[in-house]
Amino acid sequence: MQLDGFMLPPGLILILGAFILPQVEGRVRHALLLALPLLTLLMVWLIPHGSHLTLGLMEYELEPLRSSAEGRLFATVFAVAAFAGGWYALNKATLLELSAAFFYAGSAIGVTFAGDLITLFIYWELMALGSTLVLWANGKQNPRAYPASMRYLLVHLCGGVVLMAGIAGHVYATGSIAFSSMTMTDGLAKWLILAGFLVNVGAPPLSAWIADAYPEASPSGMVFLSAFTTKTAVFVLIVGFPGTEILIYIGLYMVFYGIVYGLLENNLRRLMAYSIVSQVGFMVTAVGIGTELALNGAAAHAFAHIIYKALLLMSAGSVLLMTGKRHCTDLGGLFKHMPITAIAGITGALAISAFPFTSGFVTKSLETAAAYQFAATASDPMLLVWVWFLLTAASAGSFLYVGLKFPWFVFFNKDAGLRPTDPAPHMQYAMWFFAFLCIALGVFPEALYAILPYQNDLLAQPKSYQQYTASHLLSQFQLLLFAGLAFFALLPLLKQTLTISLDVDWIYRRLFKVLGQEFTFKVGDLGGKTEAKIHGRIKRLIAHMHGPSGPRIHWPSGFMVLWVAVLLVGALGLYYLR
Amino acid sequence: MSASGNQRSRPSPSRWSKRRTRWLIVAVLLALAIVPEFFVTHYAHFESLGIELDARFGFYAWYSFFACGAMIAIAKLLGIFLKRRDSYYDE
């Protein structure tokens, strides 16, 4: 083991914190909830770029502390999300949820500092456990949370197995465990690794896990859940698979999948879950384009997205907490009663819609700019033309299905007769903080641009990074206002119904269940009889051996140990013979 | 609930005027968004490929409106096949 100077892997601060939180109470716990993410953030920035720790594992050298520009950007926003999430959760969340959320956030930060595939895999799996526990922690309040957490875990363990198979194959083929761009390598292993990453990003066919699981968490639980898993997956795609063309198609599918399902959705937080898929689709498309501007765009969008999505979920979570209602059909007219929650929700909605002077405006447009930047010299220019037109349409769509739909059905529309108040002060502060960041990043994008991974591109192509031009402002205003016109003109078509929409999860939630029930019925009957028979025989044997007429054999422990030793020697002998 | 439903199908005069004002505001906003189009030149993003659609007058306005209309139509259409009762998986 070799460590340069005193450096603590930043992810470990939160992971250790997860085990300290249950040991303390009251104010100390509150202080730790806020201080540990800030300490993590400090550590993220104190560690200079490069690899600083090597650990020997069998013949491999692990690098669990490699700082890179991409990793630092994601670790920064993860730490900020853990801080604001902790602030929002402070008094309301259960201890299990808080510990699990810190463990989860720490593991996500661990991934961003992973220099090798083994470290990455370990943190990847810890993330799956932490996030499952966040869901599990809401089991008492919501009986649907436990089964949802199990389905969630199964999907992620499946993804984990595929990823591990890919890593094993990759290491076998190349002899290297380094985590770097895999675009030059070929073979099955690379595609298995990509598939493992894509499960976490919410790609088809398994996009449904996000909308299935996340909305069953507590209000604060979903704020945590929305931040880490999908965005860690975007991070590993940026590092591992930049410019992989299939990602463009996958990303575009995700963008429109999220919009269509979002338009049909009545449950507020499920609507938010679909919009995560849609927004992450933008990032995946950008990674598929793969130029420096595109990768900067994906990273910047992920940064902004984590903040405005958490803000939207804080707002939706506060509505759920204070009214107990989760459906658009049960809500309306809350602006007067929950003004701060409404302002937070509207700010988040404007940011996700890329409204000028918000964080979405200055980050999403990097991705659309990437579509046309090198279109003329690209191998398939028409593909990029399609990407640009589709992403522009989807930008208008984002305003439609979440930017307008969420505030309209919850805070305006007709009064549903509910009279809640704004939530507890600490929840309001957390919302103010993120609302401030959404606007600040929009007004002063230079601060975010300064920490983007590819600074050479920024200097060489400063024009792509200048967002506040008359043409861009005007086109964006037109895009949004006419999307608004479509929304209000077609409002009768958008009437919400008390329904859910079928998805691929139907296969494992319904089909397998029906098949399982059919199967269990017959085998269970057979099994019952066989089991009773075997039980009876064992009982009779025991009665015979130990009963009054039994032989009364008592084997000394030494005798047993001897036999175990003989068996082991036999196994060893066989091994050598082979 | 039923009272408001009736109101919706046969709006009262005050509701009519409210609705008219709302649409008037929308019309003014949209006009305001179109007027600067006369003074601002949009450049075509794919000029080198001979595609100049996005530089035409009011492109972003009509493109956005029709794209949103299409997305709502597609969602409604898929909804016919995909929508199930809220308690579908609990049964």
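A search of the whole structure, a predicted model, finds 42 aromatic pairs over all chains. One of them is formed by A:Phe78 and A:Phe228. The ring centres of A:Phe78 and A:Phe228 lie 5.3 Å apart, and their planes meet at 75°, so the pair is edge-to-face. Planes over 60 degrees apart count as edge-to-face. The pair links distant parts of the chain. A:Phe78 sits in helix H3 (residues 69-89) of chain A. A:Phe228 belongs to helix H9 (residues 219-240) of chain A.

The axes of H9(A) and helix H11 (residues 268-289) of chain A come within 10 Å and cross at roughly 15°. H9(A) and H11(A) are therefore roughly parallel to each other. The crossing of H9(A) past H11(A) is right-handed. On the H9(A) side, the contact involves A:Pro219, A:Met222, A:Ser226, A:Thr230, A:Lys231, A:Val234, A:Leu237 and A:Ile238. These meet A:Arg269, A:Met272, A:Ala273, A:Ile276, A:Val280, A:Met283, A:Val284 and A:Val287 in H11(A). By class, the residues of this contact divide into 12 nonpolar, 2 polar and 2 charged.

A further helix pair involves H1 and H4. Helix H1 (residues 10-20) of chain A packs with helix H4 (residues 95-112) of chain A at an angle of about 165°. Their axes are 7 Å apart. That angle makes H1(A) roughly antiparallel to H4(A). H1(A) passes H4(A) in a left-handed crossing. H1(A) contributes A:Pro10, A:Gly11, A:Leu14, A:Ile15, A:Ala18 and A:Phe19 to the contact. H4(A) contributes A:Ser99, A:Phe102, A:Phe103, A:Ala105, A:Gly106, A:Ser107, A:Ile109 and A:Gly110. The contact of H1(A) with H4(A) has 9 nonpolar and 5 polar residues, and no charged residues.

Helices H6 and H7 were examined next. The axes of helix H6 (residues 145-174) of chain A and helix H7 (residues 188-201) of chain A come within 7 Å. They cross at roughly 155°. H6(A) is thus roughly antiparallel to H7(A). The crossing of H6(A) past H7(A) is left-handed. From H6(A), the contact draws on A:Val155, A:His156, A:Gly159, A:Val162, A:Leu163, A:Ala165, A:Gly166, A:Ile167, A:Gly169 and A:His170. In H7(A), these residues meet A:Ala189, A:Leu192, A:Ile193, A:Ala195, A:Gly196, A:Phe197, A:Val199 and A:Asn200. The contact of H6(A) with H7(A) comprises 11 nonpolar and 7 polar residues, with no charged residues.

Two loops carry backbone features of note. A:Pro205 lies in the loop between H7 and helix H8 (208-213) of chain A. A cis peptide bond joins A:Pro204 and A:Pro205, with omega about 0°. A:Met58 is placed in the loop between strand E3 (53-57) and strand E4 (60-62) of chain A. Phi of A:Met58 is near 50°, a positive value in a residue other than glycine.

At the level of domains, the assignment of chain A gives domain 1 (1-240), domain 2 (242-489) and domain 3 (505-531). The C-alpha centres of domain 1 of chain A and domain 3 of chain A lie 35 Å apart.

Terms used:
Residues numbered from 1 in each chain as written. Chains lettered and ligands numbered in written order. Predicted model: local features only at pLDDT ≥ 70, side-chain atom pairs only at ≥ 80, totals over all residues. Heavy atoms only, no water. Axes fitted to C-alpha atoms, helices over the stretch in contact; angles between N-to-C directions. Helix = DSSP H or I, 4+ residues; strand = E, 2+ residues; numbered from the N terminus. Parallel < 35°, antiparallel > 145°, perpendicular 65-115°, else oblique. Left-handed = near helix turned anticlockwise from the far one by under 90°. Contact = heavy atoms within 4.5 Å. Nonpolar A, V, L, I, M, F, W, Y, C, P; charged D, E, K, R; others polar. Domains from an automatic or database assignment. Phe/Tyr/Trp six-rings, centres within 6.5 Å; stacked < 30°, edge-to-face > 60°.
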